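Please keep the sequence and the model in view while reading.

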Protein chains: 2
Amino acid sequence: MPVAQQYAMQYIHALTHQDYKILRTFYSRDSLFYDKTANVKYKGARHILAFFTRAHSGVLEYRFDVDHMFNNGSLVVLIGSYRLRGPGEQYGKPGKVIDIAVPGVTTLKFDMDKKRIVEHIDLMDYQTMSDQLASQ
Amino acid sequence: MPVAQQYAMQYIHALTHQDYKILRTFYSRDSLFYDKTANVKYKGARHILAFFTRAHSGVLEYRFDVDHMFNNGSLVVLIGSYRLRGPGEQYGKPGKVIDIAVPGVTTLKFDMDKKRIVEHIDLMDYQTMSDQLASQ
């Protein structure tokens, strides 16, 4: 597996396992997180980590089932589905446990020398998520 | 189907059927085409059309098999595989007919009022393409 793809797997593992100690090592002050479908953008380790900590608080299960991964140099593309089971508060379902599988594309641009994220861009199918939530 | 996705299908149809008369109507002087995996960028109707005309010259079959499509407002994400059968000249296979199916993600950002492409970004699995070409 190309090194860039190895970095991507380690990064996604840290992200979905909420291993913020490891995750932190992937960010610099210039790292950019951008959910292009939600139009949400954060810059720098501190803000990105604060966002993920908030977004994934209390989550029971979180993983990214990758259907296909490829890279060109330091740019890695991951196509798959984010599975999330957890408290429904942030999803308009207070008091319930929600279970969703959201199709998405994550692209990661690495600084290969420093093993840092330059740019993490998500494209998420929020319509499918919303359909799934409607019946929960 | 949301209007943005309808536009996307019409645009992809024109692109893959090499219907440059229709395709032209989707571009303005500010439209941007960016193949992020090849680091190829063109701005404006004239340059984008010239690129596609050149890239698809002589092609026998060209289509985008879409596995999954979703949108958030004017941003449409298409995940699938570009199938191309045609002369091998541009692929290092002169005198041969090549046949490739390249996994890819295309995102299209539309100006909905004018039915124009603001930004067309491709992410293509060129490693898979290269593997397929190796045996042809």
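A polar contact, as the term is used here, is a pair of N or O atoms within 3.5 Å, where within protein one atom must be able to donate a hydrogen and the other to accept it, and where residues adjacent in sequence count only if both atoms are side-chain atoms. By that criterion, 6 residue pairs with both members at pLDDT 80 or more are in polar contact between chain A and chain B. The model is a predicted one, and the points below should be read with that in mind.

**Elements and residue classes at the contact**
- On the side of chain A that touches chain B, two or more residues each come from strand 3 (61–72), strand 4 (75–87), strand 5 (97–111), strand 6 (116–124) and helix 4 (126–134) of chain A.
- Strand 6 of chain A gives the most to this side, with 4 residues.
- Sorted by class, the side of chain A that touches chain B holds 11 nonpolar, 5 polar and 3 charged residues.

**Salt bridges**
- Between chain A and chain B there are 2 salt bridges.
- A salt bridge joins A:Lys36 to B:Glu119, and the closest N and O atoms of this pair are 3.1 Å apart.

**Extent of the interface**
- Chain A and chain B each bring 19 residues to the contact.
- Together the two chains bury about 1,500 Å² between them, and 70% of this area is on carbon and sulfur atoms.
- Of the area that chain A buries against chain B, 30% is supplied by A:Lys36, A:Phe70 and A:Leu123, which is more than any other three residues supply.

**Relation of the two copies**
- The same surface serves both copies, since 100% of the contact residues of chain A recur in chain B.

**Annotated region**
- An unreviewed UniProt entry carries the annotation "domain: SnoaL-like", which covers residues 10–120 of chain A.
- Over residues 10–120, chain A is 22% helix and 48% strand, and the end C-alpha atoms are 14 Å apart.

How values were computed
Residues are numbered from 1 along each chain as its sequence is written. Chains are lettered from A and ligands numbered from 1 in the order in which they are written. Side-chain values use heavy atoms; hydrogens and water are left out. UniProt positions are given in the numbering used here, feature names are shortened, and annotations may be inferred rather than shown by experiment. Contact means heavy atoms within 4.5 Å. Buried area is the accessible area (1.4 Å probe) that two parts lose on being put together, summed over both. A salt bridge is a side-chain nitrogen of Lys or Arg within 4 Å of a carboxyl oxygen of Asp or Glu. Ala, Val, Leu, Ile, Met, Phe, Trp, Tyr, Cys and Pro count as nonpolar, Asp, Glu, Lys and Arg as charged, and the others, Gly among them, as polar.
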